[in-house]
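Dear colleague,

Please find the structure below, handed over for your records. My notes on several of its helices follow.

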Amino acid sequence: MKFTNTKVQMMQNVHLAPETDEDDLYSGYNDYNPIYDIEELENDAAFQQAVRTSHGRRPPITAKISSTAVTRPIATGYGSKTSLASSIGRPMTGAIQDGVTRPMTAVRAAGFTKAALRGSAFDPLSQSRGPASPLEAKKKDSPEEKIKQLEKEVNELVEESCIANSCGDLKLALEKAKDAGRKERVLVRQREQVTTPENINLDLTYSVLFNLASQYSVNEMYAEALNTYQVIVKNKMFSNAGILKMNMGNIYLKQRNYSKAIKFYRMALDQVPSVNKQMRIKIMQNIGVTFIQADREKMKKAFQKLITVPLEIDEDKYISPSDDPHTNLVTEAIKNDHLRQMERERKAMAEKYIMTSAKLIAPVIETSFAAGYDWCVEVVKASQYVELANDLEINKAVTYLRQKDYNQAVEILKVLEKKDSRVKSAAATNLSALYYMGKDFAQASSYADIAVNSDRYNPAALTNKGNTVFANGDYEKAAEFYKEALRNDSSCTEALYNIGLTYEKLNRLDEALDCFLKLHAILRNSAEVLYQIANIYELMENPSQAIEWLMQVVSVIPTDPQVLSKLGELYDREGDKSQAFQYYYESYRYFPCNIEVIEWLGAYYIDTQFWEKAIQYFERASLIQPTQVKWQLMVASCFRRSGNYQKALDTYKDTHRKFPENVECLRFLVRLCTDLGLKDAQEYARKLKRLEKMKEIREQRIKSGRDGSGGSRGKREGSASGDSGQNYSASSKGERLSARLRALPGTNEPYESSSNKEIDASYVDPLGPQIERPKTAAKKRIDEDDFADEELGDDLLPE
C-alpha cells in the first residue's frame, strides 16, 4: 500500500505536455516574466514613489537582525517552501512567487566581508591597513651585481683602448685591450657559476677579442694578432666571423707570405654574400695587389738566382806567376786563343743579362726606381760580379737624367767620377753632356777632357769633346774629334751626324750630304736626318730634291708646322701658289702663332682680293705683336678697300690713340675724314704738320751731327751699322724659328752623346742634333712700303 500511495503521489506531480507542444516546436520563446516588464513603470505608483523618496531603499545593516524582519519558509513534505513577504515587500531569495522561483544571488557582496557584520566600515581598497612596507634593498655583494659591475668595467676598457689608438698611443691601447681581455675571462667564469652557459654575453666577448687582435696588429705583433683572430674565427657561436679572414690576409701580406694572404682573401671572399658587392670588390682588389707583390718577390728571387750562376772562368791562369820565359810564352799564347775568346763572350753575355735584368726589375720591385737600383746594387756587390755595381750606379744616374732630375744625376756621377778609370770615363762623359746642355761649355770641356784621358777609346767621350770645340767655333778641330770617334766605333751615329753638321758649317756640302746619306742608311725613319738632307739640297740650290726629302719628313711627322711652312716656302719660290697656300695653311692650322706664316697668308688673300679673310690673319698678327703698328694699319686698309669706311675710320682712330706719333696713320685719317666730310680732318691735319716738322728738325740734327764727326769715325760707325744690320737679320731669322723646328735637326749645336757604350750607360738627347736653318726671302714682306699707292701729297691737306 505504501508503494502504491507513493506512486500515486509521484504521478500527481507529473505534468504532461499538451499535445499542441508537439506541433509547435518554437512555442514559449516569447514568454517572459512580468516582473521584467519596464513599459508600465511610469504608471507604477509604488516604483515612482520609491524613485522620488527614500521609500524602498535597503535599510542599513546592523549587528543584529530582528526576528520579525523576515519570515522563514515553511517546508513541505517534498522540500517545497512557502516564503513570507520581507519587510521591504520584495520576495526572499529562492522564494517562489506566482509559480516562479527568484534567482539565487551571491552570499557575499563585493567589498563586504564578515567583519562588516561586526560593525566595520566600508573599505574595499584596504586603505585602513596603512602604507606598504618598503622594498627590500638589493645586496651589493650579490653575484648578479658583481657580474654587471664587471661587465661595465670591460666595456669601459674597450672604449679607452679605442680612444688611445685613435690618439696614436698604440702601447696604451694594447695594454687596455689586454686588461679588457683578462677581466672578460673573469666575467665569463663568474657567469658560468651563477647562470647557464647560454646566458653568456657573446657580443661583449667578440668585441673584446676583436679589439685585442686589432691592437696586436697595429703594434706589429702579427703572431699574437693571428692567434686572436683564430680564436674568433674558430668559434662557431660568433656569427659572420669569417669576414675577419680578410684581416688575417692583410697580416700575411705585411709578413710577405703571399700564398697564405691569397688563401685567406679567397676564404673571406667566400664568406661575403653576393649582395655586398662593395666588400667583394675590395677583397678582389687585395687579391690582385697580392699577386703583384708576389711577382715582385719572384723577380727578386730570379735575379738572385741569376747572379749565382757560376761562370767557371779562371782568370788567374792568364797571369804569369813567375819570371820563367817558357811560362810567360805559354801565358801569352793562351791569352787570345779560341778558348779565351769563348770565355770573354760568355762573360760579356752574363754581364749583359745581369745588367738588362737589373734595368727591367729595378723600377718595379720597390716603391721607387732608386730603391730598386739600390737593392740590385747591394745584391750585385755580394756576388762575383762586383764590378757591375758601378755600372748599375751609372744606369741609375741616367734614369735620373731621363726624368729631368739633374741634381740627383750630377750627385751620383760626381761620386762615380772618383772611381777607377773605366767608371770614371763613363761618369765624366755624362757630366760633360749635362753641362753642355746647360750651356756651361767650360765645365763640359773640362769633364770631356777627363773622360778622354781616362779612356781614349771611348767614342762618346770623343764626341762630347768635339761638341765643346764645335761650340767655340773651331769646326776643323771638332771634325778631327768626330773622325777619331768614328775610327774607334764606326757605328757611333752621334759622331757621324755631328761631322755632317761640321762639314755644312765649313761649306763642304758634298761631304756633308755623304755623311747624312750614310746615316740615313742606318736610321731609315729619322726625321732629323731627312730634314738635314733636304736642307743640304736647298743649300745646293736643288729645290726639287729638297721638296722630295721634305715630303718624306712629312710622312714621318705629318703635324710639324715648321716643316709644312718650309714646304710652302719652297713651292712659293717655285711659283706654285696653290701648293704654297696649302702647306702654309696646314702649318697655320697646327701652329697659329707663327708670324711669318700669318703674314704670308694675309698677303695671299690681299693679292686675291679677299679682304675679309685677310683681316682675320692681320688681327691675329696684331694680337701676337701688339707693339707693331703695321698690323693694325693693314686691318684698317683691308676695311677701307672692302668699302667699310666707318670701320676703317674707327680702326685708324684706335691706332692713332695707341701710336700718336705715327705719320702714316695720321695721313689716312686726314684722307678719310676729308672724303667723309668730317670736321676732325682739320685737327688731324694740324697734328700731321706738327709731326712732319718735328721729323724734319730731328733729321737735320742727325745730319749736322754726322757732318761734325771725323771721316774715320764715320767709317767705323758705318761698319758698325753694317754689322748691326747683319746681327738684326740673324736675330730676326732666329725669332722665326719655333720650338718644334728647333726639336728637328737644325741649330748650330751638335749632337750630344755621353757615356761608354761598353757598359751601356750612354745618355742620348731625345731631341737630336740641331743647327740653324737658313731662310730665304721667298715670301712677300708686308710693311709700310705697301702703302705707297696711298701716299698723300701736301696739296690734299686742308689749310
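The crossing of helices α21 and α22 is left-handed. Please bear in mind that this is a predicted model. Helix α21 covers residues 509–522 and helix α22 residues 527–539; their axes lie 9 Å apart and the packing angle is about 155 degrees. Since angles over 145 degrees count as roughly antiparallel, α21 and α22 are therefore roughly antiparallel to each other. On the α21 side, the contact is made by L509, A512, L513, F516, L517, L519 and H520, and on the α22 side by V529, L530, Q532, I533, I536, Y537 and L539. By class, this contact has 12 nonpolar residues and 2 polar ones, with no charged residues.

Helix α27 spans residues 611–624, 14 residues in total. From its first C-alpha to its last, α27 reaches 20 Å, close to the 20 Å expected at 1.5 Å a residue. Its buried residues are W611, A614, I615, Y617, F618, A621 and S622.

Helix α30, residues 663–675, has 13 residues and reaches 19 Å between its first and last C-alpha, close to the 18 Å expected at 1.5 Å a residue. Of the 13 residues of α30, 10 are buried, so this helix is largely enclosed by the rest of the structure. The buried residues in α30 are V663, E664, C665, L666, R667, F668, L669, V670, L672 and C673.

With kind regards

How values were computed. Residues numbered from 1 in each chain as written. Predicted model: local features only at pLDDT ≥ 70, side-chain atom pairs only at ≥ 80, totals over all residues. Heavy atoms only, no water. Helix = DSSP H or I, 4+ residues; strand = E, 2+ residues; numbered from the N terminus. Expected span 1.5 Å × (residues − 1). Buried < 20%, exposed > 50% of the residue type's maximum accessible area, 1.4 Å probe, protein only. Axes fitted to C-alpha atoms, helices over the stretch in contact; angles between N-to-C directions. Parallel < 35°, antiparallel > 145°, perpendicular 65-115°, else oblique. Left-handed = near helix turned anticlockwise from the far one by under 90°. Contact = heavy atoms within 4.5 Å. Nonpolar A, V, L, I, M, F, W, Y, C, P; charged D, E, K, R; others polar.
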